[in-house]
Every structure is written in structure tokens, then in C-alpha cells.
There are 2 protein chains.
Amino acid sequence: MELKQYLKERKEFIDGIIYNFLPDKPAYGTKLYEAVEYSLTVGGKRLRPILCLAGCEIAGGKLDDAVPVAVALEMIHTYSLIHDDLPAMDNDELRRGHPTTWKKFDEATAILAGDALLNRAFEILAEWDFSPEIKIEVMKEIGKAAGMRGMVLGQQCDMEAEGRSDVSLDELKYIHKHKTGALITASVVSGAVVGGANKESLKALRRYGELIGYAFQIVDDVLDVVGDESKLGKKVGSDLENNKVTFVTIFGVEGAKKEAVKAIDEAIESLKLFKKEKREPLEKIARFIVEREF
Amino acid sequence: MELKQYLKERKEFIDGIIYNFLPDKPAYGTKLYEAVEYSLTVGGKRLRPILCLAGCEIAGGKLDDAVPVAVALEMIHTYSLIHDDLPAMDNDELRRGHPTTWKKFDEATAILAGDALLNRAFEILAEWDFSPEIKIEVMKEIGKAAGMRGMVLGQQCDMEAEGRSDVSLDELKYIHKHKTGALITASVVSGAVVGGANKESLKALRRYGELIGYAFQIVDDVLDVVGDESKLGKKVGSDLENNKVTFVTIFGVEGAKKEAVKAIDEAIESLKLFKKEKREPLEKIARFIVEREF
């Protein structure tokens, strides 16, 4: 398989079905609906749904079965970006070259659009036509990863670390494990739950998710120092400007690269219990994370 | 039964157990946890959980069975207040005599505390030790009522109606049916689902919830004109000040009172299929809604 083509096709697949999971336009308050739709449209690589579908397939499941879960994950990711971009949080006016939701609409609508998407994700999981037991397992997994034991906590930690130079490696790992790692891990694992994975497979995929999540953040930090703005589509150097403690501050650029490669090697190693042809997408996705720029 | 005593006991019951449904304090980012706890502590009458428990009991269920649902409902209600109070929304600094969450902490923490509570509500429902089928039914009911087909949409509609003098009765009803009515209705209905209510009972209780939700808002509008600030614990006259179209604008004070009483009479009528001793709490709660001040 050719990874670029695979990622492109999967992204297009998600882009093609995600709007089907929105309710009908309401009689009043249509701006909410427009803000939700807009936020989903200016979305990125659809990494979480792609990992979810791949997790389902590696476990022997059918891609279609995991679609509502993949969509719910992307909605949760999207809501988190809408809220993170708010003036009271990161105060970002642009994301991937488009005005952020609060900038395009207004702050109140952006807050509500985020709330709507988080809520909608759980509605989709509840209404999904699948075994109730599996639905509950998936909701537990995603709920824990997204909430105050996961992503929301990570964002809070990240804010509390802002401007502090005494952030330890332990704290830094804790921040990113929760802020980005948890939902990435839940994406692979929840897909695998749908696919019928056994305990051993789930454990391996959880390990895989945690490691690629970790590597992903390290690479982000490295690219903020050595990346090419035009390729990344975002400003570099902002961590240094904000005196932010990152994996580069702690490991140095070369040390951080090595740490990322080590994590990816381990992630790939953890897939070894799956058949070679089955594990190819997740292996290549892992490799891609460290190779995207260096 | 004496309603005041009943409401007091139920409120104390909820106050006594709601914190048990929070996760352990995290190693970092503890301000999030504190903001969540604070927001739950300065809570009000616990109307939604009380309705949920009463809905369970009228359907013949055991109170304890519905506790996680009651808690989840209160968390969703609390998150909605946190977000509604934000500067970008209603910009309220005080609620029931206490600083609002954003004022007590900061805006970013308040946004995240709201997100955390909404997410936590669904986690609680997913992790609740009960039949998966019933859990799914309850999540569908609450998810629809809370999200972009319910409460979140209602808040958006309310904002879009602000400052407009051309709001029709149809639009006004639509706003409040979604903004407050939907979650009140879901509280009674989801409790009844847990209690094992049949289709006919659910229909009757849904009607009851919609009608008390409607009456509740009319009474709120009336009290904003004729209420006693010291008894209400909040400023009156703000609707007039903001040129807000309310049920009083449309019906007049006396007309609005009549409309509320009519709705409550119908709500009580809809309970007639339950045995007399079973329906007493919901009857008295309904009556209380219109009698709280006039």
C-alpha cells in the first residue's frame, strides 16, 4: 500500500459522510448549525477517524461498522479545537489558513458550537445501530479519554504550565499524554473494540496509541524549531517566543528526534502479534509521524 | 406528603452524593477539578435530579437505580450555567449570590470546567452498572435534550432573539421548549425509563415535562415583572430593561399567569393514569411551579 494515497482516500471518505451525522437544520438558531458545519469543513487530516477505522480493520472488523465511532471522534477533536482557539484560551484567529470559528461567527456561537459537537458525538454513539455492550465499551473508552481524566484535563495542565520554566519531563509527559495522547489512543482502541479485538490485541493497540501520541507531540515540538512554515502551514518558533518548556527544551533537537524514533519503533514492535498484511496501515502511519518533516 | 420537606430532603440527598461521581483529583491541572467542584457546590434547587428520581418512582422503580442519571442531569445543567454565564454569553458575575465560575477562577478554566462536566455526565451514564439497553435509551433521551436539537440550540435561539422586537409567540415557545423545557422533560422521562415505564406512561410523563417546562418559563417571565428581589435572590426587571420579548410581553401579566396555570392543570391531568399515591410528588411539584410567588 501507498500511505499517501491511503490517507487521502480515508480523509475523503470521512469528509464525504461526516455531515450525514448532523441533525436536520432547525427552524430557529440556524447559526449554530452553520458554525458546526463550518468547523467540520475546515478540518484537517482526519487522523483520529483514520486511526479508528484502521484499528477496527486490524482487529478483523468491517470498516463500515466503525464509521459512527470515527465520526464521533472527529467531532470531539473539532469541538476541542473550537474551544482551544477562543480568545480566553489560545486566542487564535486562524487555523489551517481559515478564520477560527469564533472569528468567523462570534465567541458565544463558537462556545455553543463546541458544546453541540461534544454532545453530538455521544448522541451518535448512543443512536448507532450496534450491540449495546460494544457501544457502552466504546463510550467508556472515549468518555474517559476526552474528559476530565483525559483531553480536557490535558488542556488545563497545558495552560497551568504556561510561562513556567520549572516544568519537569514528568509534567510535560503528563500534559501531552492527556491533551493529545488520550484521544489518539482511544481512537485506535475504540476502533479495535468495534472490530472485536481480544484483550491482548487491545493492550497492544493501546500501547501503540500511547507511543504514537507521544512521538507525535515530540515531532510537533521539533518542527516548531526546525520546521518549514510553508510545508507546515503554520508559524514556527512560537514555543521559543512564549518561553514554553517543550520536549526540545528537555532533550535538545537531536535528542528529541531520537526519542521520537524510539517511541515509533516500540509502537511498531507492539503490533507484532498481528499478521503482516493486517498491520501495514498502522505501521506506515506510525512511521509517517516521525518522517513527516525530518 | 409535605412538599417543602420533600424537596429539602431530595436536595440534601443529591448534595450528599454528587461528589462521589467525580474522578480522583489529578496530579496536575487541579484547578479544573476545583472549578468543577465549586460549580456543583453553588448549585441551586436540584430540580432536574429531583424530577428524575420522582420519574423513576412514579414508574415503579427504585430511587437508587436512577441516581447516576439524576447526577448526570445535574452535571449537564451545571455545565450549561457555567457556559451561559461567560462574558461572551450573558456576562454574569454572580449566580445565587456567589461569583460565577469564570469570575471565581478565570474564563479558560470555566470553559474547560463546563466541557468537563458535560463529558463527565456521559461517562457516568456509560459506566453506570445497569442494563446496557436501558443505559442506551437514557443516553439517547438526554443526548437529544441537551445538544443541538435541545438545550444548546435553545441557548443559541435565545441569543439570536436578543434585542429583536419581532419575536413571535411561535419563536418564543420554540426558544424555551429547547433552552429549558427539553432537559426538564428528559429528566422526568429518563427517570421513568429507568423505572421501567411502559410506552403509555412515558408519553404521559413527556407531556407532563413539556407542560411544566413551559409553565416554569412563563412564571420566570412574570416574576421578572412582579417578583420580590429578596425572595427570588436575583434582580428583577432585567427583561424590560433589555427590551426582551417574553411571555408577559405577549400575554400580559394576568394573561401569562392564566396560561401558566392552564399548562400546570394539563400537566397534572396527564398524570391521571398513575395511582393517586404514586403521583403525589409530581403533582405537588407542578403546582409549586406556579405557586412559588403568585
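This is a predicted model: local features need pLDDT of at least 70, side-chain atom pairs count only at pLDDT 80 or more; totals for chains, interfaces and linings use all residues.

Reader: How many salt bridges does the rule find across the interface of chain A and chain B?

Author: Another one that crosses between the chains runs from A:Arg149, in the loop between H7 and H8 of chain A, to B:Glu123 in helix H6 of chain B. Its closest N and O atoms are 2.6 Å apart. A:Arg149 is partly exposed, at 25% relative accessible area, whereas B:Glu123 is buried, at 1%. Across the whole interface, the number of salt bridges is four.

Reader: Which element gives the most residues to the side of chain A that touches chain B?

Author: Between the two chains, 16 residue pairs are in polar contact. The elements giving two or more residues to the chain A side are helices H2, H4, H6, H7, H8 and H9 of chain A. The one that gives the most, with 14 residues, is H6(A).

Reader: How much area is buried between chain A and chain B?

Author: The contact involves 53 residues of chain A and 53 residues of chain B. Carbon and sulfur atoms give 71% of the buried area. The total is about 4700 Å².

Reader: What kind of rotation axis relates the two copies?

Author: Chain A can be laid on chain B by a turn of 180° and a shift of 0.0 Å along the axis, with an RMSD of 0.0 Å. The two copies are thus related as by a two-fold rotation axis.

Reader: Which residue of chain A comes closest to that axis?

Author: The same surface serves both copies, as 100% of the contact residues of chain A recur in chain B. By C-alpha position, the residue of chain A closest to the axis, at 2.8 Å, is A:Pro132.

Reader: Is B:His178 buried or exposed?

Author: B:His178 lies in helix H9 of chain B. Beyond its neighbours within four places in sequence, B:His178 is in contact with residues including B:Arg149 and B:Met151. With a relative accessible area of 12%, B:His178 is buried.

Key. Residues are numbered from 1 along each chain as its sequence is written. Chains are lettered from A and ligands numbered from 1 in the order in which they are written. Side-chain values use heavy atoms; hydrogens and water are left out. Contact means heavy atoms within 4.5 Å. Buried area is the accessible area (1.4 Å probe) that two parts lose on being put together, summed over both. A salt bridge is a side-chain nitrogen of Lys or Arg within 4 Å of a carboxyl oxygen of Asp or Glu. A polar contact is a pair of N or O atoms within 3.5 Å; within protein, one must be able to donate a hydrogen and the other to accept it, and residues adjacent in sequence count only if both atoms are side-chain atoms. Helices (H or I, at least four residues) and strands (E, at least two) are DSSP runs, numbered from the N terminus. Copies are superposed by least squares on the C-alpha atoms of residues with pLDDT of at least 70 in both. Buried means under 20% relative accessible area, exposed over 50%, partly exposed in between (1.4 Å probe, protein chains only).
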